[in-house]
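This report describes how two parts of a chain pack together and how individual residues are placed. Please keep the sequence and the structure in view while reading.

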Amino acid sequence: MLNARWAAVRRSAMTLAESGNLLIMRNRAPAWVNAAKKLTDVGSAAYQAAQTKDAKALAALADAARRTRCTDFATSRFQAFEYLPQSG
């Protein structure tokens with residue numbers, strides 16, 4: 001069951017990273033592009049943290065995702081991360 005949760009986190013992280021890429025298509029305003037790139041970076045880092053099953057790193061990244069201007073989508077993706085057991 002725990003491995004299935006981590007797999008779900010990895011999928012969510014990849015979705016988050018790819019959504020940032022999609023958000024910068026169609027010549028958006030520079031501030032929006034910067035926010036979307038941050039979202040992509042957070043998603044990529046979250047994927048790496050999920051690969052190593054580092055719940056503490058995911059929690060820190062959830063805060064970073066919330067600080068992007070793309071917070072509605074980011075928050076929905078990271079809510080799943082908050083229910084993982086702490087690594088240790």
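A residue counts as buried when its relative accessible area is under 20%, as exposed when that area is over 50%, and as partly exposed in between. The model discussed here is predicted. Thr40 has a relative accessible area of 14% and is therefore buried. Glu18, at 42% relative accessibility, is partly exposed.

| Residue | Helix | Relative accessible area |
|---|---|---|
| Thr40 | H2 | 14% |
| Glu18 | H1 | 42% |

**Packing of the helices**

Helix H1 spans residues 2–23 and helix H2 spans residues 30–51. Their axes lie 7 Å apart, and the helices pack at an angle of about 160°. Angles over 145 degrees count as roughly antiparallel, and H1 and H2 are therefore roughly antiparallel to each other. Their crossing is left-handed. On the side of H1, the residues making the contact include Trp6, Val9, Ala13, Ala17, Gly20 and Asn21. On the side of H2, Trp32, Ala36, Leu39, Thr40 and Tyr47 are among them. The residues of this contact comprise 15 nonpolar, seven polar and one charged.

Which residues does Thr40 touch, leaving aside its neighbours within four places in sequence? Thr40 is in contact with Ala17, Gly20 and Asn21. A polar atom of the Thr40 side chain lies 3.3 Å from the backbone nitrogen of Asn21.

Glu18 belongs to helix H1. The C-alpha atom of Glu18 is separated by 9.8 Å from that of Ala36, and the two residues are 18 residues apart along the chain.

Terms used
Residues numbered from 1 in each chain as written. Predicted model: local features only at pLDDT ≥ 70, side-chain atom pairs only at ≥ 80, totals over all residues. Heavy atoms only, no water. Axes fitted to C-alpha atoms, helices over the stretch in contact; angles between N-to-C directions. Helix = DSSP H or I, 4+ residues; strand = E, 2+ residues; numbered from the N terminus. Parallel < 35°, antiparallel > 145°, perpendicular 65-115°, else oblique. Left-handed = near helix turned anticlockwise from the far one by under 90°. Contact = heavy atoms within 4.5 Å. Nonpolar A, V, L, I, M, F, W, Y, C, P; charged D, E, K, R; others polar. Buried < 20%, exposed > 50% of the residue type's maximum accessible area, 1.4 Å probe, protein only. Polar contact = N/O pair within 3.5 Å; in protein donor to acceptor, adjacent residues only side chain to side chain.
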